[in-house]
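Thank you all for making time this morning.

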Amino acid sequence: RSVNIGYVGNFFIDNIDYDTIIKLVKENKGTNFHFIGPNEVRSQTNNLGVQYNSIKNIRILKSQSNTIFHGALYKEKLVEFSRELDAMFLCYYEIGSHPTAPVNSHKILEFLALGKVVISNYFEDYNLYNDDLIFMPKKNHTSDQYIRKFKLVLGELHKLNKESLIKKRRDFAKKRTYEISTKILLNKIIKNH
């Protein structure tokens with residue numbers, strides 16, 4: 001069976017590294033890339049900002065034989081659909097490499113909550129979990145280093161998708177929900193007063 005990789009998000013935000021994603025898709029023709037989220041021109045107006053080359057880049061991706069664009073999926077459908085995926089990926093600009101690069105991404109915890117292998121650009125906040133819960137190239141990586149890391153992880157999916165590792169990723173995410181984080185923060189504040 002072919003490998004199925006997913007990305008969920010708004011395709012018009014300005015921190016997506018489309019050059020790397022396009023190269024990644026072209027170099028991994030045996031992998032199906034599933035893109036879930038707003039991707040039509042009418043979806044372009046949003047409060048998150050617009051990457052002006054997004055329309056062109058989305059067209060390039062849609063023209064590839066190994067990409068499938070699903071549009072927005074409701075939570076239940078997304079969770080159900082994710083069972084078919086072997087891994088999740090995100091590819092933003094790394095902090096310091098581009099003015100719009102994000103410091104962190106809430107997506108990582110959401111992807112981990114699905115139990116999926118997560119392949120990402122480098123985020124300092126997850127450095128301690130690299131090559132364990134999340135798979136990232138080293139800090140200050142190039143597109144080629146990201147793609148190399150992606151291919152290495154693809155070669156290990158049979159090991160990385162064991163039930164025990166799926167549970168480990170889900171447990172990690174559960175311990176870091178907003179509700180739990182808020183309680184911990186409130187307890188610290190109360191304790192310090």
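Predicted model: local features only at pLDDT ≥ 70, side-chain atom pairs only at ≥ 80, totals over all residues.

Residues are numbered from 1 along each chain as its sequence is written, and side-chain values use heavy atoms, with hydrogens and water left out.

The chain has eight helices and six strands, where helices (H or I, at least four residues) and strands (E, at least two) are DSSP runs numbered from the N terminus. Read from the N terminus, the elements follow the pattern β-α-β-α-β-α-β-α-β-β-α-α-α-α. Of the 193 residues in the chain, 46% are buried; buried means under 20% relative accessible area, exposed over 50%, and partly exposed in between, with a 1.4 Å probe and protein chains only. If we take the contacts (heavy atoms within 4.5 Å) between residues at least 6 apart in sequence, 73% of them join residues at least 24 apart.

Turning to the sheet, we find an open arrangement of six strands in the order 3-2-1-4-5-6, with parallel pairing, two strands being paired if DSSP finds at least two bridges between them. The edges are strand 3 (67–71) and strand 6 (134–135), each of which pairs on one side only.

Strand 1 (residues 3–8) is joined to strand 2 by six bridges, and the two run parallel, with asparagine 4 standing opposite asparagine 32. The chain passes from strand 1 through helix 1 to strand 2 in a right-handed β-α-β crossover, right-handed meaning that, with the strands pointing away from the viewer, the path from the first strand over the helix to the second runs clockwise. Strand 2 also pairs with strand 3 in the parallel sense, over four bridges. Phenylalanine 35 in strand 2 stands opposite tyrosine 7, and phenylalanine 35 also stands opposite phenylalanine 69 in strand 3.

How many of the six residues in strand 2 are buried? Five of them are, and the strand is mostly covered. Threonine 31, which lies in this strand (residues 31–36), counts as buried because its relative accessibility is 5%. Leaving out residues up to four places away in sequence, threonine 31 touches Val3, Ile5, Asn66 and Leu154.

Next come the helices. Helix 2 (residues 54–62) lies across strand 2 and strand 3, running at about 125° to strand 3. Helix 1 and helix 2 pack with their axes 10 Å apart and at an angle of about 5°, so helix 1 is roughly parallel to helix 2, a label used for angles under 35 degrees. Axes here are lines fitted to C-alpha atoms, for helices over the stretch in contact, and angles run from 0 to 180 degrees between N-to-C directions.

Finally, consider arginine 1, which sits in the segment before strand 1. Is arginine 1 buried or exposed? Arginine 1 counts as exposed because its relative accessible area is 75%. Apart from neighbours within four places in sequence, arginine 1 is in contact with Glu84 and Asp86.

Technical notes:
Parallel < 35°, antiparallel > 145°, perpendicular 65-115°, else oblique.
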